[in-house]
Amino acid sequence: MIDMGFNMRYLDLKRRIRDVRMWAIEGIAEAGSGHPGASFSAAEIMGTLYFRRMRHDPSRPDWDQRDYFINSKAHSAPGFYSTLAVAGYFPPEEVRTLRKLGSRLQGHPVRYSDHQKHHSVPGIEYSGGSEGIGLSVGIGIALANKLDGKKNRVFVLIGDGESNEGQIWEASMAAGKFKLDNLVAILDRNRIQQDGFTEDIMPLDPTKDKWAAFNWQVFEVDGHKVEQIVDALNKAAQVHDKPVMIIANTVKGNGIRHMANNPQWHGKAPPKRHTEVLLEELDSECLIAPSIIAGERENYEDKIRKVEREGVDMIHLDVMDGRFVPNITFFADTIKKLRRSTSLPFDAHLMIEKPLEQIQEYIDARCDIITVHAEACTENEFKEIQERLIDAGISPGIAINPGTEVPEWLYHCLHDLDVIIVMSVNPGFAGQKFMPEVLPKMVAVSKELREHGFRGYVEADGGIDSTTLQQAYDAGAQIFVAGAAVYGGGDIHGSVIQLRHKAAVALEKRLLSHATQLNVRPDWMIARKHILIPYANELGIEEELHAIK
Amino acid sequence: MLLSSEKKTADMRGAYGDTLVELGSDDPRIVCVGGDTTDSLKTKKFGDKYPERMFNVGIAEANLVSVAAGLSIAGKIAFASTYAAFIPGKCVDQIRNTICYPSLNVKLVVSHAGLTVGPDGASHQQIEDIASMRAIPNMRVLVPADAVAVKHLIKTIARTPGPFYMRLARPSSEVIYADKAESFEIGRGNVLEDGSDATIIACGLMVGRALEGARDLKRKGVSCRVVDMFSIKPIDRELVAKCAKETGAIATAEEHNIVGGLGGAVSEVTAETYPVPVKRVGVHDTFGESARDEEIDTLLEQYGLTATEIAKAVLEARSRSRK
């Protein structure tokens, strides 16, 4: 059985990884060189380890009970440094010194020690840069920990390019021989190396079979889905007498669309004048959360499977109690059953009275996000809910009905608030029309609350379709509950594509306008040309794009 | 003559293995990584005594030294051993980036260095290792002359943090240091014979020949100082400069290419401190060849690694001396 429900505080984890990408790109642009591709393909892997699953303490980098992280694909340094910084090892602003003379952040990370105080930061265990070595080093650490009877684990990030190196396979044999079940290797399978695509330069497939043949327990995940990484890491902890390989299928440059899957961006810095636009793109995630109460009521598991195939981000669960809202849907027991069917995060929206009294049931049902209504609690009740959710590793959220203003007391709870649902219909029934009058509230929530320390996501819920998604996205929402728009028409695939497409158009429009403000529109369009072409018509830039060689 | 029957000899590899076993009982941090040559390196004894602390990774030297690096990161004192042809021959990059750059506590103790490997031929006759190892920052390079030196130096490097490269030879070596209380300090050469007309600075198996050459020269009325420069990096700059100044001419002797080895290291010091003529005895930038064990003395003669060559080198250096 899959062990779902992850104690990962999903949205907070996503937010931290977003911050990592933002710091990394800023550092690379500032340095004028570096490797955005690998920094971004490995961002979820490193983030999930450092922010959730590794045992470590930034205030005691040499704590002898710590888990070790060895970054064998050391050219992902900008991402690695940013991860360490966001984890608390040093101030993130220092990432701006990357690769500069006198910086602690060398082009490739250097093991921190008395010898290297000026060229490293605490927390870095291994000096990388020459490919193919880190796995062997991880083996040495794992052997030593076993010898000492310690429970520390060793995580080694390796690349598919560096898997060309014979030493990777020497190490692979050795870890199998020594049955190192305290060693987890994670392969950043982005399929691109410096000269081009891995399968052209030196084919690695069948990757899974190779590692299995070397006596490793192999798991395969989407390396940008943190819930899948967490799931694989949880499973890895249960493996005995074998080392574990997690093949993380990733996209090189993931996060910035014109860099994604493009070998050209293996080791190239974007121009510094594009930084602000790139940061805006990274800060404009669009997460689709289909609501399974839409369409036919029955067979929720089937509905979940159908949208999972489409790569949606989470499952929205509308819990209605027939008292807070007139309708009744399902309760924690149903969620508990559904939990086994998917690793997708569960975004539970509790439209119930007295949520504090029932909150434990939903915690036990292993939701990843639990949102309660501002209208249904007092400040103290919400604070207690928030505290219990955070203790349980669940993202806390608050929902606000169209007729309700943001309560004053919410300003006291912003620090640990991961999501605010701005209802764009009056809750209680599926299939209602989007209320455009809530858009100003979305704008206000996005802007004002952020100024007061809110770092979470704004979620639009109610009447979201491909048109209203654009409006809500422009108003600052980043999570979109899509009910009828996904399940209503019978063509789930087409519906999800359309939602993504509309979001992409809205994003390109926003970025273009930002580029125009910054006086970099022409060369932004050159860098972005292959992304913009399919949207040229909708963006009204056909002629302008045509004029670019 | 090397290995002549009248001379007392002792096995350097055996001394290494025995010392490692001794150290292992005092210090549980001592671990050893081998590469399918543990019998040959005599580290098998350590593995027999402490099986949980011996890791044989097979014929995979890049992995071998990197695993040793990992062990040291987790607090162990890691000895990594195989033939000198392969450490450093097959893993200079790993030694440089993974061990020396972060100055890890890894001790590379290798054997079968130089021409005296014998029958295996040039592929196994490592004659460039001193050059490559001493050029890496943070690395220290030791070439002991006999089993007593090995025993002392293994103990020293075990308690001195940071990376070391120590090269041993395959054959039993002539006993130079009878007294076990001899002093071996990293960065200090040992003066074995005093003399005033020239200095022979030697390392490893060539120390015995240097003493022999000095005796021959003494009979001809040339007083030679003989230095065992087992610590090639850090080298004893003070002693080299002193010898240059006091004796006016230097010959070096090593079982290594004359390019970049002990001769190079000594010349660098004299050139910068007290320039005097230096003549290097060693392999003259060429590959070796196979020779049966009983032919090794002849092999060394053919490649110029003899007491006679050392004596000739001393006379040549002296002839150019302005002293």
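This is a predicted model: local features need pLDDT of at least 70, side-chain atom pairs count only at pLDDT 80 or more; totals for chains, interfaces and linings use all residues.
Residues are numbered from 1 along each chain as its sequence is written, while chains are lettered from A and ligands numbered from 1 in the order in which they are written.

Colleague: How far apart are the end C-alpha atoms of helix α1 (residues 10-31) of chain A?
Modeller: Helices here are DSSP runs (H or I, at least four residues), numbered from the N terminus. The expected span is 1.5 Å times one less than the number of residues. For the 22 residues of α1(A) that should be 32 Å, and the end C-alpha atoms agree, at 32 Å.

Colleague: How many residues of α1(A) are buried?
Modeller: A residue is buried if 20 or more other C-beta atoms, placed from the backbone, lie within 10 Å of its own. The helix is largely enclosed by the rest of the structure, because the buried residues of its 22 number 19.

Colleague: Which helix gives the largest share of the side of chain B that touches chain A?
Modeller: Contact means C-beta atoms, placed from the backbone, within 7 Å. Chain B brings 24 residues and chain A 24 residues. Both α4 (61-73) and α5 (92-100) of chain B supply at least two residues. The largest share, nine residues, comes from α4(B).

Colleague: What distance separates the centres of domain 1 and domain 2 of chain B?
Modeller: The bounds come from an automatic or database domain assignment. It gives domain 1 (9-174) and domain 2 (190-319). Taken over C-alpha atoms, their centres are separated by 25 Å.

How values were computed:
Two residues are in contact if their C-beta atoms, placed from the backbone, lie within 7 Å. A residue is buried if 20 or more other C-beta atoms lie within 10 Å of its own, exposed if 12 or fewer, and partly exposed in between; C-beta atoms are placed from the backbone.
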